[in-house]
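User: I have a model open and would like to go through it with you. Could we begin with one of the loops?
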Amino acid sequence: MSARIIDGKGAAAALRAKVAVEVAGYRAATGRAPGLAVVLVGEDPASAVYVRSKGKATLEAGMLSFEHKLPAEISEGKLIDLINELNSDPAVDGILVQLPLPDHIDPNQVILAIDPDKDVDGFHPINAGRLAIGLTGFTPCTPLGCLKLLKAELGDLSGKNAVVIGRSNIVGKPMAMLLLAEHCTVTIAHSRTRDLPEVVRAADIVVAAVGRAGMVKGDWLKPGATVIDVGINRVAGEGGNSHLAGDVDFASASQIAGAITPVPGGVGPMTIACLIRNTLVSAARRDGFELPEDL
Ligand SMILES: NC(=O)C1=CN([C@@H]2O[C@H](COP(=O)(O)OP(=O)(O)OC[C@H]3O[C@@H](n4cnc5c(N)ncnc54)[C@H](OP(=O)(O)O)[C@@H]3O)[C@@H](O)[C@H]2O)C=CC1
Ligand SMILES: Nc1nc(=O)c2c([nH]1)NC[C@@H]1CN(c3ccc(C(=O)N[C@@H](CCC(=O)O)C(=O)O)cc3)C=[N+]21
Ligand SMILES: [Mg+2]
């Protein structure tokens, strides 16, 4: 048996196209374009790549992109000063501070400084709280992208056993909250989980967000399970080359799963599509512009 490959790249392109159509309507109605400010501190090459693709997706959707590149040595206070300026700038609907930040800056203090109603990453505690109790806010882009792929694949998720591996504030925990809101029976596994293969074997849905290349093996899976691989791991290959690998051992898992996301081309592109979606949602809320329910 061979799993269906879930085309995250294609789904992301389709979502970006839907967002672009709504952006055009928003611009016609309001005379302004939604704006996303992306803040990058330091020169981490992987972060620079992500920031570039975010800026490109923003412009392609008809929105404004404001990139702020700051030196690695900038103080926490100066960074927060910039965030306060962006909070009060009417051209800015969304603010994203690329993580990780240098060690001398406390990411929690930086996230707290962002206006929750411009927090298109959904990382502010107000938005984490809203998600946890079912209020309108911003849903973190990676879990939202995973949920969209799951619903497109499975339809109604009600009653399904979902295992989320990883409990970070930006992926695992909000993913579990979203699946719970969809009426899944949710298990959150982490580094202290006993007998992870046995826990995973009960899952109709597996979301792997660990950061360990190829950790989840095919023989851990219930046959036919839907597998969402969030992991983005750069692994060294032959001859000094390197390639991206997910947290799931694709070769073995794709023999047992019913459907599986590839890496690259799975969750990653959906994260960026959901970021521009959230930016449009933010702008629309500000102006009372109505968007389709299912965007
Ligand atoms: N595709 C995308 O858009 C994105 C991809 N990512 C990728 O997703 C992965 C996870 O990211 P993130 O959530 O930030 O990572 P974190 O490092 O913040 O969290 C990793 C989680 O995995 C758990 N874990 C570690 N080792 C094991 C193990 N052996 N068994 C079970 N659980 C384990 C940790 O447990 P504990 O809490 O006990 O330490 C922790 O909860 C990374 O590969 C990252 O690059 C991240 C964001 C976006
Ligand atoms: N404030 C903040 N918000 C984030 O959302 C955020 C962040 N910080 N820091 C880093 C992580 C990681 N992340 C990814 C986004 C897109 C891809 C992506 O598009 N990946 C492509 C491959 C890209 C490549 O080839 O390197 C793919 O999977 O197909 C991956 C990872 C967002 N993150
Ligand atoms: Mg992390």
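User: Where is Arg 167 found?
Analyst: In this predicted model, Arg 167 is found in the loop between strand 5 and helix 7. Ser 168 lies in that loop between strand 5 and helix 7 as well.

User: Why does Arg 167 count as partly exposed?
Analyst: Arg 167 counts as partly exposed because it has 17 C-beta neighbours inside 10 Å, whereas a buried residue needs 20 or more and an exposed one 12 or fewer. Ser 168, with 16 such neighbours, also counts as partly exposed.

User: What is Ser 168 in contact with, leaving aside neighbours within four places in sequence?
Analyst: Ser 168 is in contact with Lys 173 and Ala 209. With the same exclusion, the contacts of Arg 167 are Gly 172, Lys 173, Ile 188 and His 190.

User: Which residues does UniProt list under "binding site"?
Analyst: The unreviewed UniProt entry places that feature at Gly 166, Arg 167, Ser 168 and Ile 232.

User: And the ligand: how many residues surround ligand 1?
Analyst: There are 25, and Gly 166, Ser 168, Ser 191, Gly 211 and Thr 271 are the closest. The shell divides into 10 nonpolar, 12 polar and 3 charged residues. Helix 10 (residues 267–287) contributes its largest share, 3 residues.

User: Turning to the sheet, what is the strand order?
Analyst: The open sheet of 6 strands has the order 1-11-8-7-5-6, with parallel pairing. Its edges are strand 1 (4–5) and strand 6 (185–189).

User: Which strands does helix 7 lie across?
Analyst: Helix 7 (residues 172–181) lies across strand 5, strand 6 and strand 7, at about 170° to strand 6.

Notes:
Residues are numbered from 1 along each chain as its sequence is written. Chains are lettered from A and ligands numbered from 1 in the order in which they are written. This is a predicted model: local features need pLDDT of at least 70, side-chain atom pairs count only at pLDDT 80 or more; totals for chains, interfaces and linings use all residues. A residue is near a molecule or strand if its C-beta atom, placed from the backbone, lies within 6 Å of it. Helices (H or I, at least four residues) and strands (E, at least two) are DSSP runs, numbered from the N terminus. Ala, Val, Leu, Ile, Met, Phe, Trp, Tyr, Cys and Pro count as nonpolar, Asp, Glu, Lys and Arg as charged, and the others, Gly among them, as polar. Two strands pair if DSSP finds at least two bridges between them. Two residues are in contact if their C-beta atoms, placed from the backbone, lie within 7 Å. Axes are lines fitted to C-alpha atoms, for helices over the stretch in contact, and angles run from 0 to 180 degrees between N-to-C directions. UniProt positions are given in the numbering used here, feature names are shortened, and annotations may be inferred rather than shown by experiment.
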